[in-house]
Amino acid sequence: MQYSSPSVTAAAESDPAAAHRVEGRPGDAGAPGWDAINHALSRVYPRQSPWHSSQPPGSDAILPGISAYKRITPLPHWHFVTYGFSELFDKRSDEAGISGYGFELTFRLANPDDAEEPPRWALNFLQNLARYVFDSGHGFHAGHYLSAGGPIAADSDSQIRALAFVQDPELAPVDSDNGRFEFLQIVGLTNEEEFALKRWSTLKVLEVFHDSLPLWITDLERGSLLSDPEIAARLAEGSARDGSSVGTIYADHVGWEQRKRLLRAPTTLLALSARQIGELLALLPLRLPFGHAFSVIGPDARVVFEPALRGNEALVADGVLHLRLDERALRSMVSRLRAQAGTYEVDGFAALQVQVR
């Protein structure tokens with residue numbers, strides 16, 4: 001699943017809470033959810049006291065706490081764990097078997113300089129993700145991904161500008177007194193790697209990346225893994241074999257109208273933003289030939305592309321435009337559309353015109 005891009009980049013100087021070393025593990029009386037997180041971490045870090053960022057009075061921090069553990073193997077990194085997406089104190093949600101959003105986030109960030117304190121921007125980054133979740137109501141699951149809208153560390157020129165979510169390889173799901181939750185780990189990706197997810201499947205692409213990203217550690221200094229010819233070839237093969245698992249993209253502009261014609265089917269005019277044309281042309285051939293629909297959703301309109309069963313046609317149902325394309329029309333659309341302003345016709349579908357803005 002893709003979400004519209006939140007602002008999740010984080011600068012070091014705007015941290016909402018300072019990190020500090022704590023003796024033992026942070027907790028509080030009457031906090032069964034917090035205790036459940038601590039118990040899970042004690043199995044991985046039985047002798048380490050974490051750095052902990054707490055929510056000071058009057059701050060704009062969303063999460064009550066974030067802990068960071070220093071690791072040496074398989075390469076030096078910080079292991080961050082959030083407190084607050086699950087229900088830490090009283091049970092308030094209606095779902096008896098699920099605690100809060102059903103997850104806590106983890107994040108492993110490379111620490112090549114062997115720093116003794118975790119970077120403050122990483123705490124901000126996790127708080128910004130929490131703000132997005134709590135403001136939008138959208139939780140995360142393994143296999144979800146999103147664009148960060150820029151380097152995840154705002155004051156850097158890192159190529160890591162997108163995120164995917166997997167189950168933390170060292171922290172199993174927990175059954176707490178407030179319900180069940182899992183630990184979802186953030187995996188930092190380049191824009192090229194994010195596009196590879198769209199062309200195939202998040203979890204299948206990450207499986208190809210697995211050997212290159214031990215424990216899913218995010219390294220801000222690395223380049224795209226697709227520069228490795230073997231990895232690029234495996235991704236291309238998987239995409240061609242299975243198609244794309246992405247059924248929806250979000251556009252800054254989508255519009256359509258139908259103009260009646262005497263004794264003929266109405267002419268359908270579809271208006272799209274040039275910014276989305278590249279994704280549309282890349283993903284349509286990885287959806288329709290595999291029997292899957294593909295939706296483009298804008299602020300005010302939605303269009304669904306579907307494989308044609310009896311010929312090309314444009315139908316409207318519940319305010320949504322459904323365009324059914326046969327193989328010839330699909331090939332024509334992919335070959336003719338450009339990410340530049342203009343009106344484009346589609347072979348075999350004379351009643352359709354596509355306007356790119």
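User: Which residues of α1 are buried?
Analyst: This is a predicted model: local features need pLDDT of at least 70, side-chain atom pairs count only at pLDDT 80 or more, and totals for chains, interfaces and linings use all residues. Residues are numbered from 1 along each chain as its sequence is written, and side-chain values use heavy atoms, with hydrogens and water left out. Buried means under 20% relative accessible area, exposed over 50%, and partly exposed in between (1.4 Å probe, protein chains only). In α1, the buried residues are G33, W34, A36, I37, N38, A40 and L41.

User: How far apart are the end C-alpha atoms of helix α1?
Analyst: Helices (H or I, at least four residues) and strands (E, at least two) are DSSP runs, numbered from the N terminus. The expected span of a helix is 1.5 Å times one less than its number of residues. Helix α1 covers residues 32–44, which is 13 residues, so it should span 18 Å. The model agrees, with its end C-alpha atoms at a distance of 19 Å.

User: What covers the buried residues of α1?
Analyst: Cover is judged here by contact, meaning heavy atoms within 4.5 Å. The elements that cover the buried residues of α1 include β3 (51–54), β4 (65–71), β5 (77–83), β6, β9 (174–176) and β10 (179–190).

User: Is S53 buried or exposed?
Analyst: S53 sits in strand β3. Its relative accessibility is 3%, so S53 counts as buried.

User: How many helices and strands does the protein chain have?
Analyst: The C-alpha atoms of the protein chain fill a box of roughly 80 × 45 × 35 Å along the principal axes. Buried residues make up 51% of its 357 residues. Its secondary structure comes to 7 helices and 19 strands.

User: How far apart are the mean positions of the positive and negative charges?
Analyst: Lys and Arg count as positive and Asp and Glu as negative; His and the chain ends are not counted. Each charge is placed at NZ of Lys, CZ of Arg, CG of Asp or CD of Glu. The chain has 33 positive and 45 negative charges, and the distance between their mean positions is 9 Å.

User: How many aromatic pairs are there?
Analyst: Rings of Phe, Tyr and Trp (its six-membered ring) pair if their centres lie within 6.5 Å; planes under 30 degrees apart count as stacked, over 60 as edge-to-face and the rest as tilted. Ring pairs link F85, Y101, F103, Y132, F134, F140 and F165 into a cluster. By the pairing rule, the count of aromatic pairs is 15.

User: What kind of pair do the rings of F107 and F125 form?
Analyst: Among the 15 aromatic pairs, this one has ring centres 5.2 Å apart and planes at 55°, so F107 and F125 are tilted. It links distant parts of the chain, 18 residues apart: F107 in strand β6 (residues 98–110) and F125 in helix α2 (residues 120–136). Both residues are buried. The pair type, by its 55° angle, is tilted.

User: Which residues is A115 in contact with, leaving aside neighbours within four places in sequence?
Analyst: A115 is in the loop between β6 and α2. At 30% relative accessibility, A115 counts as partly exposed. Leaving aside those neighbours, A115 is in contact with K70 and W78.

User: Is the peptide bond from T73 to P74 cis or trans?
Analyst: Most peptide bonds are trans. P74 is in the loop between β4 and β5. The bond from T73 to P74 has omega near -5°, and it is cis.

User: Is D318 buried or exposed?
Analyst: D318 lies in the loop between β16 (313–317) and β17 (320–325). Its phi is positive, about 55°, although D318 is not a glycine. Its relative accessibility is 83%, so D318 counts as exposed.
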